[in-house]
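Visitor: I am new to this structure and would like to learn how to read it, one feature at a time.
Guide: Then let us look at it together.

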Amino acid sequence: MEELARLSNKSYDAVKKAVNRGKFKLIKYVQARGYAGKRLLIHLTDPAVPAEAQLRWIEENREVAIGLKKETVEKFHPQAQWEIVKLKQPKERIMIEKVDTKKTDRIELVQKALRVPLGWKRSEWVAHVASEAGITPQALYCVIKKYKEGGVAAIACKRQKGLSAWSPEALEYMQAVYLRGIRESGEMNKLKAYEAVLVEAEKRGWKVGRKSSAYEYLGRLNPLLEKYARGGTRALDNVFYIVRNYKDLAPFEVIVGDQHRFDFFVHDREADRVLRPEGYFFVDLRTRLTYGFAIAERYDSYLMGLALRMGLKRFGKFGTLYTDNGKPENSRYINSIILDLKAFGMQAKDIVELYRTEDGYAIEEEEGKVIEVVPSVAAWRKWARPYNAKAKLIERYFQSIEKIMLDLGVPGRVKELKDTSEEKAVSDERIRELKEEGKLLDIDEFAIKVFEAVQVYEARRHSGLGRSPLDELMYAVKEEGFIPKMLVEPEIDFVLLKRETRSVNRGRVRVDGMLYEGRELEAGLWDVPDGTKVEVRYDLLDRERALAIKPDRSIVELELVQVSSMKDPEITSALMERKRRFIREVKQLWKKLTAPVKGIIEYSKYTKASITAKKRKDKDPREELRDMEAFKATVQRKIEETKRLNERVPAFKHKTVFQSDMERYKYLLSCICEGFEITEADRVFMQKYEERMDKSERLKWENFKKLYHYERRISNAW
């Protein structure tokens, strides 16, 4: 019970009370210490265990969940079953996957060939489609002919055996009379059609059965013929509507996206104003599952990206995405995403294509009845929205979600909307009262309620499916062998991040006034020349980090530039140390790269001496002091080594081996500065060496002598 309380996010007492009421059926008692000899266990697949608890258990025990038997999995909540199905499927890398257009389904190819666009001749269009598919026009014409003669249904279905009492000619005549009567007068009595065939059969010698069998035959009449007789081409246009049979689709083969402005008010407490939130939703046509959605104050292209990200992470790849042709849908951001998705095996199309017919674009009522067929996309967009909830295929879905939200007790419902202005629906006085009473949710609380409504919608029975959307999904998995194609989540994020093009300036880029840079020298834009244009991708909900695509197409992670503080010396010290480390790394790289090349320009000895003297003159005194101190430490170390050598070999006092005269002069000079005696031969050597010095070298040693009070010490030594 403790585990169930934790998974369900409920108290132990609440679970115990539910057990005492007999809510759980699959329980048993086991011997255990500390539980009065027995411990009560509740099976995870008990129908009373909430789906959230099962999902949480699966998340915490993925390996165990994958190994569960099929019989056990089927006892879980459908949403939990779907999570287990996803876990069992290998994840694809969308950056590698390519689409093979030559393996297009033949039925889809034929349907595409039959939908001749306006402005094309049929022969030219068929040749064009055949060329795209990599086949000859003659081969495509053969496939079209077979499709028209038999079709998929004709191949799958068997012809029914006719009644022996009727001649085939008599049956056809009776059906023709019946259909002609409907076409000419709107209605036709079956008895009149039977009486008409009796008269004609007597003339031609046909066999005719009884009246009951005539009614049976007329009842078997192809309903499409009767629809055509009653409504003409428009009636058939409604029947042969594109993607009308959603059962033929696989889950997530076709998803439809649309924006929705909710009929609820929310309270923006920071700005102290009332507004109606908007969202973008994607719905799967086969299962009616909510593929993904996002809520904000106003919908834009980035909100569409967030909704799409939810779907790709929750359900995996889709087949074709249909969206409205609005401004956000046509933004550069969405178009760039669509290009990437096409490369990953997914497609995006205009929602108008779902309503294309041979005569134009169908405008339907909610029940599916065709009101009109218009010739152009512009006309469809003008008339479809007000007349047809199906023209926006998820309008009924939005109505269901909002009704569920009312059942959940969400306040702030907008009543009697007539125009686009909320002032016409709810008076300013009522808005003020709702605000003052604190009855309105803020946008975050409202988004949580939308999540709850979506969960209720997906778990309850759908009238069009005969089962819940989650059950429909699991039916496709178990009975039809549907396998989700899951993707690597970091790559999904990379595809759907917001994109900008920025110029590099000293290793940094600026986005919305914020500077980004690489954390390390080798993982940033430090090696990119200033002014180079790079693509920067970032998450609007997490501005701490960003990704940049360098000119060589490599991807580097950037982070916000840390600003130094006048009051925090630790931050400044850390930034200075990082700066010095970067400089050292560049110097080391330069030395390593230029080590094989000793020099390019050959200076004269006077030029070299002049350059050396100038460097000494321009050198910072503090830096020179540091060099002297380092030199002093080196000399002290050598003196100590010499002392140890003299202690072992006294005869070699003040004698050592030097690589050059300058090294010997340094040694002797340092000995004098430290108070050691030198020999007469050494003093003679120092005098002769000083006579050979050039101006810059003499200046160096004079400074050294002043620093160590050489004049005073040499008088003591000599």
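This is a predicted model: local features need pLDDT of at least 70, side-chain atom pairs count only at pLDDT 80 or more; totals for chains, interfaces and linings use all residues.

Visitor: What is the average pLDDT of the chain?
Guide: pLDDT is the predictor's confidence in each residue, from 0 to 100; the chain averages 76, and 76% of the residues score at least 70. Over residues 416-420 pLDDT stays under 50, and the model has six contacts there beyond four places in sequence, a contact being heavy atoms within 4.5 Å. Residues 422-426 also have pLDDT under 50, with 13 such contacts.

Visitor: How many helices and strands does the chain have?
Guide: Helices (H or I, at least four residues) and strands (E, at least two) are DSSP runs, numbered from the N terminus, and the chain has 29 helices and 17 strands. Of its 718 residues, 38% count as buried, where buried means under 20% relative accessible area, exposed over 50% and partly exposed in between (1.4 Å probe, protein chains only).

Visitor: How do I read the packing of two helices, and at what angle do α18 and α20 pack?
Guide: Two packed helices are described by the angle between their axes and the distance between the axes. The axes are lines fitted to C-alpha atoms over the stretch in contact, with angles from 0 to 180 degrees between N-to-C directions; for α18 (residues 395-407) and α20 (residues 443-459) the angle is about 110°, with the axes 9 Å apart. That makes the two helices α18 and α20 roughly perpendicular, a term for angles of 65 to 115 degrees.

Visitor: Which residues of α18 and α20 meet?
Guide: From α18, Y397, S400, I401, I404 and M405 meet F446, V450, A453, V454, V456 and Y457 of α20.

Visitor: What can phi tell me, and what is the phi of N9?
Guide: Most residues other than glycine have a negative phi. N9, however, has a positive phi near 60°; N9 lies in the loop between α1 (2-8) and α2 (12-20) and, at 68% relative accessibility, counts as exposed. D512, which is not a glycine either, has a positive phi of about 55°; D512 lies in the loop between β13 (508-511) and β14 (514-518) and is exposed, with a relative accessible area of 52%.

Terms used. Residues are numbered from 1 along each chain as its sequence is written. Side-chain values use heavy atoms; hydrogens and water are left out. Angles under 35 degrees count as roughly parallel, over 145 as roughly antiparallel, 65 to 115 as roughly perpendicular and the rest as oblique.
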